[in-house]
Amino acid sequence: MSLQRRLRPTPRPWHAVMLAVFLAGTAWSLRGRPLEPLPVLTAVLGGLFGLVVFQFTVGNLWAYAVEYYNAGGSWTDPPFVAPFAVAFAAGAGTYVFLADVAAAAWAAFWTFIVAAGVVAVVVNAAAGYREAGD
């Protein structure tokens, strides 16, 4: 395949996902507002912001998974799965108490970040102690 062909922009499934997230964010921001220029503009900006947050979140989760796998781990290892499980539990618990999807997503996101950091420190410390004992 030629370099020109590889560099030519072609739609991919990921582009459809991003478009769907943008449209959903725009529709969510526009709900109940009149179709006038200022509300539509703010809804489009809300959709773009939602898309950026989505890409940031998915990109970081994917990078976490790829880095763990590239370091020799398996995606079924308890240290890899633990932050996801804890984040899911935090999100579900937050939703049960507050019945707010945004608050639940926010709680799950930050719980994942903290749990992944704690797991990384513990796993690195354990690996260091194993190497020192050899």
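From the N terminus on, the elements of the chain follow the order α-α-α-α-α, and in this predicted model the count is 5 helices and 0 strands. Of the 134 residues in the chain, 19% are buried. The chain exposes about 9,900 Å², of which carbon and sulfur atoms supply 73%. Among the contacts in the chain with a separation of 6 or more, 43% are accounted for by residues 24 or more positions apart.

The helix α4 has 21 residues, and the distance from its first C-alpha to its last is 29 Å, close to the 30 Å expected at 1.5 Å a residue. Buried positions in α4 are F80, P83, A87, G91 and T94; because these residues cover an arc of only 85° around the axis, they lie on the same side of α4. In general, an α-helix has 3.6 residues a turn, so residues three or four places apart point the same way. The face of α4 that is turned away from its buried side carries the exposed residues P78, F88, V96 and F97.

Just after α4, the backbone at A99 takes a positive phi of about 50°, a positive value that here occurs in a residue other than glycine. A99 is found in the loop between α4, which covers 78-98, and α5, which covers 101-133. With a relative accessibility of 56%, and with exposed residues defined as those over 50%, A99 therefore counts as exposed.

Terms used:
Residues are numbered from 1 along each chain as its sequence is written. This is a predicted model: local features need pLDDT of at least 70, side-chain atom pairs count only at pLDDT 80 or more; totals for chains, interfaces and linings use all residues. Side-chain values use heavy atoms; hydrogens and water are left out. Helices (H or I, at least four residues) and strands (E, at least two) are DSSP runs, numbered from the N terminus. Buried means under 20% relative accessible area, exposed over 50%, partly exposed in between (1.4 Å probe, protein chains only). Contact means heavy atoms within 4.5 Å. Accessible areas come from the Shrake-Rupley method with a 1.4 Å probe; for residues, only the protein chains shown count as cover. The expected span of a helix is 1.5 Å times one less than its number of residues. The arc is that of the directions from the helix axis to the C-beta atoms.
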